[in-house]
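Thanks for coming, everyone. I'd like to walk you through one model today, starting with its aromatic residues and ending with its backbone.

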Amino acid sequence: MKSSPHRPSIELLFKRGLGSAEIARRLQISSSTVRNVVAAIKKRGDASEVKKSGRPRSVNTRNTRAIIKKRIIRNDGLSLNRMASQLGIPRSTVQSIVKNDLKLKSYKLRRGQYLSDKSKAMRLEKCRKLLQHFQVRRVSDVIWTDEKIFTIEPLPNRQYQRQLLSKDDSMSPKRRLAHNRLFPKSVMVWAGITATGKTPLVFIERNVKINSEVYQKIVLMDNLLPWVTQHFAGGPFILQQDWAPSHGSRSTLAVLEAHFPGFLDKNLWPASSPDLNPMDFSVWGMLEGKIAGKVFATVDDLKAALEVAWASIDDGYLRRTVNSVKKRLRACVKARGSNFEILL
């Protein structure tokens with residue numbers, strides 16, 4: 001109970017026979033304060049405060065706080081457990097100092113691709129070119145494409161996969177094992193989106209090597225070209241792709257020039273830039289989320305689930321995701337080609 005300066009007055013009036021409500025009215029204080037003091041008088045005979053038990057706050061000293069602050073400045077990834085062990089103080093004390101005194105909070109490391117100085121300079125140059133390009137052409141006309149491997153088993157997340165067991169059972173066969181097969185069955189998926197629609201999912205079996213011939217026939221000619229013809233109905237469009245060897249070979253470039261003129265070539269699209277492609281920075285993650293936690297008996301079951309998840313992605317999401325590209329390009333320029341998602 002928080003100390004009240006009215007304790008002596010409350011005690012005096014109570015001993016004169018006044019009730020709690022009348023004491024609260026006379027002193028113009030809350031009834032709950034009066035009741036708490038009265039309860040203490042009835043229990044102990046007076047309203048004096050009871051000295052609190054427990055260890056005084058002697059570990060959290062100015063010197064300790066200074067040491068912890070200095071160590072964090074040197075290494076902001078230092079483990080609190082390790083710091084507590086090195087200083088010989090409870091972890092709870094270290095945590096309290098970090099949170100309450102130093103006003104720091106633990107954050108997960110941001111994920112992003114490694115970029116050399118050369119890569120950053122290249123990204124900066126091409127992002128500027130793309131921003132100029134999209135002053136003339138519409139970003140909504142771009143077909144953003146990519147490939148991704150999906151497996152029939154989800155990757156285990158040991159942080160959240162837990163069991164409630166007794167101490168004895170924790171070392172018994174009841175303790176389940178989070179595992180994946182060494183080489184789970186999988187399928188390569190190619191797909192693309194625009195602000196107004198989605199291409200079909202193209203499944204490429206694991207034993208098929210995506211060389212120039214496969215990419216041109218299965219992806220470009222058999223699937224993308226018919227979809228483009230129907231979706232854009234003769235209107236303008238721009239193909240974006242990464243520059244994997246099969247995408248940039250001489251024969252593939254000839255197919256692109258013939259059937260997909262105006263594609264974003266190597267002079268425009270920067271390498272090492274999944275953070276600029278909606279398929280990478282958003283769509284694949286959404287698709288994974290829709291099938292997360294499921295184990296599929298066969299690759300065909302996985303394909304069926306992916307088809308259902310793909311069909312559920314609506315045009316509103318596509319429009320918002322594609323429209324965010326120009327904002328990302330500007331952020332990349334502001335970051336001088338470096339990782340920029342913290343600026344969004």
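Let's begin with Phe232, which is buried, at a relative accessible area of 13%. By buried I mean under 20% relative accessible area, by exposed over 50%, and by partly exposed anything in between, with a 1.4 Å probe and protein chains only. Before I go on, please keep in mind that this is a predicted model: local features need pLDDT of at least 70, side-chain atom pairs count only at pLDDT 80 or more, and totals for chains, interfaces and linings use all residues. Residues are numbered from 1 along each chain as its sequence is written, and side-chain values use heavy atoms, with hydrogens and water left out.

Trp243 sits in the loop between E5 and H9, and Phe263 in the loop between H10 and helix H11 (278–290), so the pair ties together parts that are 20 residues apart in sequence. Phe263 is buried, at 11%, whereas Trp243 is partly exposed, at 21%.

A charge sits over a ring if NZ of Lys or CZ of Arg is within 6 Å of the ring centre and within 35 degrees of the ring normal. Arg328 lies over the face of Phe281, 3.7 Å from the ring centre. The charged end of Lys148 is placed over the ring of Phe150, at 5.8 Å from the centre.

Now to helix H10, residues 250–259. Which of its residues are buried? They are Thr252, Val255 and Leu256. Looking down the axis of H10, you find its buried residues within an arc of 100° (taken from the directions from the helix axis to the C-beta atoms), so they line one face of the helix. Arg250, Glu257 and Ala258, on the other side of H10, are exposed. What covers the buried residues? Contact here means heavy atoms within 4.5 Å, and the cover includes helix H8 (212–232), strand E5 (238–240) and helix H9 (245–248).

E5 takes us to the strands. I call two strands paired if DSSP finds at least two bridges between them. Strand E1 (residues 142–151) is mostly covered, with seven of its ten residues buried. E1 and E5 run parallel and are joined by three bridges, and Trp144 stands opposite Gln240 in E5. With strand E2 (residues 186–194), E1 runs antiparallel, through eight bridges; Asp146 has Ala191 as its bridge partner in E2.

Leaving out residues up to four places away in sequence, Asn277 touches Trp144, Thr145, Asp146, Gln240 and Trp269. Asn277 is buried, at 3% relative accessibility.

In helix H11 we find Ser282. Its side chain makes a polar contact of 2.5 Å with the side chain of Tyr317. For that term I need a pair of N or O atoms within 3.5 Å; within protein, one must be able to donate a hydrogen and the other to accept it, and residues adjacent in sequence count only if both atoms are side-chain atoms.

Last, the backbone. Most residues other than glycine have a negative phi. Ala233, in the loop between H8 and E5, has a positive phi of about 50°, and this alanine is exposed, at 62%. Lys103 has a positive phi as well, near 60°. Lys103 lies in the loop between helix H6 (91–101) and helix H7 (117–136), and is exposed, at 66%.

Conventions:
Helices (H or I, at least four residues) and strands (E, at least two) are DSSP runs, numbered from the N terminus.
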